[in-house]
Amino acid sequence: MTRFQGIEDQPLSTRRESACHCPLPFKTSVPRNANMAKLQAGYLFPEIARRRAAHLLKYPDAKIISLGIGDTTEPIPDVITNAMAERAHALSTIDGYSGYGAEQGEKKLRAAIAAIYYADLGIEDSDIFVSDGAKCDISRLQVLFGSNATIAVQDPSYPAYVDSSVIMGQTDLYQQDVQKYGNIEYMRCNPENGFFPDLSTVPRTDIIFFCSPNNPTGAAASRDQLTKLVKFAKDNGSIIVYDSAYAMYISDDSPKSIFEIPGAKEVAVETASFSKYAGFTGVRLGWTVVPKELLFSDGHPVAKDFNRIVCTCFNGASNIAQAGGLACLSPEGLKAMRDVVGFYKENTEIIVDTFTSLGFNVYGAKNAPYVWVHFPGRNSWDVFAEILEKANVVTTPGSGFGPGGEGFVRVSAFGHRENIIEAARRLKQLYK
């Protein structure tokens, strides 16, 4: 541009920069993934954290108690951390150093998982893939099934199932009027049906995500119910992705694994985790079982393709974390985990007693670290805001888990005992 050019002769972008005195940001020519644009707002738990932070800005002296996100709070037992420390120190020695390990996990840990959790169920070491957590494996399974797969989810359910489906391109747009994504089957689970869907009304899908004990409702499916689910999958040629992350909280005769049901190895995979048993939410260690009997429609073993996904997308769980996992499955480690689980279950009793004494209908808790509280006729986010604003307690709005969660809030039992007791006092003061 010469010094004699007028403003009207300058490029539009230059005129805009001149007007605001700031350069426009550079943009690449790469279009945004359209599936990401389908996602509604933020992922549930970061959104809760954002609202918690906003509350603290408004009330900086507030003593907030968080019973929202299901993050463990109690220290990892010594028998487990000692094993991790020993493995970490060994990495500083010639004999103890190890680099890349098997993507599927260390043989000793895979064998221990098979022996402890799947004894007499026909699951072998080679069926087990050790990972950095069940949530990560859910996304790897989505990559395995691909963008053309159709899915069904419990409603309400853990939001990672739906959000990963949206990201993969398995869904249509979000339908604001019904608060659902198109091309997903939402299997309503509520107090009226015992938190188990009426399968006679559920159309066939390729994949059925099913969590038991369920997050957020805390309901554990019975043997009869899971038998019906396995038969439904077989009749439809579907695959069940069974999330058993809370199985160790089961205190009645509900199955702890889908593979307790005859025929399940032909129609199901199972994800699990040490997160809520040993406090490994930060350590990160879980596993997925893919039985050799599970086949795609062309007869190709699902496990072979999953192995390919794992070897491509993952370098294996941390060797230090795996040392901790092996310690978890020792006799001392199992006892320590049972003690931790027992502590959180005592917390659930306090929470249940609190809401029950206030006249609320309460569900879950018996077989899970979550209490599902009904606020009839109320908006879940409004209840969340009310409890945060007036009691400085963070919960989780039920609608964040799907339209079937509207009118409920989930209260987590993960917390120090003194915080649980104080939260109970505040809630009684609020709703007395």
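Let's start at Phe280. Setting aside neighbours within four places in sequence, Phe280 is in contact with Ile76, Ile80, Met84, Phe274, Ser275, Leu285, Ala321, Gly324, Gly325 and Cys328. Contact here means heavy atoms within 4.5 Å.

A word on the model. It is predicted, so local features need pLDDT of at least 70 and side-chain atom pairs count only at pLDDT 80 or more, while totals for chains, interfaces and linings use all residues. Residues are numbered from 1 along each chain as its sequence is written, and side-chain values use heavy atoms, with hydrogens and water left out.

Back to Phe280. Which residues have the most contacts inside the largest nonpolar core? They are Tyr118, Ile128, Ile240, Ile258, Phe259, Phe280 and Met337. That core has 102 residues. A nonpolar core is a set of buried Ala, Val, Leu, Ile, Met, Phe, Trp, Tyr and Cys residues joined through side-chain atoms within 4.5 Å. Buried means under 20% relative accessible area, exposed means over 50%, and partly exposed is in between, with a 1.4 Å probe and protein chains only. In soluble globular proteins, nonpolar side chains tend to be buried together.

Now the domains. The domain assignment gives domain 1 (41–75 + 333–431) and domain 2 (88–326). These bounds come from an automatic or database domain assignment. The 102-residue core draws at least three residues from each of the two domains. Apart from that core lies another, of 21 residues, among them Ile65, Ile387, Ala391 and Val393. How far apart are the C-alpha centres of domain 1 and domain 2? They lie 25 Å apart. Across the boundary, 30 residues of domain 1 are in contact with 37 residues of domain 2.

Next, a helix pair. Helices (H or I, at least four residues) and strands (E, at least two) are DSSP runs, numbered from the N terminus. Take helix H13 (residues 380–391) and helix H14 (residues 417–431). Their axes come within 10 Å and cross at roughly 105°. Axes are lines fitted to C-alpha atoms, for helices over the stretch in contact, and angles run from 0 to 180 degrees between N-to-C directions. H13 and H14 are therefore roughly perpendicular. On the scale used, under 35 degrees is roughly parallel, over 145 roughly antiparallel, 65 to 115 roughly perpendicular, and the rest oblique. H13 brings Val383, Glu386, Ile387, Lys390 and Ala391 to the contact. H14 brings Arg426, Leu427, Leu430 and Tyr431.

Let's move to Thr348, in helix H12 (residues 331–357). Is Thr348 buried or exposed? Thr348 is buried, because its relative accessibility is 2%. Not counting residues up to four places away in sequence, Thr348 touches Ala365, Ala368, Pro369, Tyr370, Val371 and Ala413.

Look at Ala365. Ala365 has a positive phi of about 75° although it is not a glycine. It sits in the loop between strand S11 (362–364) and strand S12 (370–374). Ala365 is buried, at 7%. Arg284 also has a positive phi of about 75°, and it is not a glycine. Arg284 is in the loop between helix H9 (275–278) and strand S10 (286–289). At 28% relative accessibility, Arg284 counts as partly exposed.

Last, the cis peptide bonds. One joins Asp155 and Pro156, with omega about 10°. Pro156 lies between strand S3 (151–155) and helix H7 (159–168). Another runs from Ser212 to Pro213, with omega near -5°. Pro213 is in the loop between strand S7 (207–211) and helix H8 (223–236).
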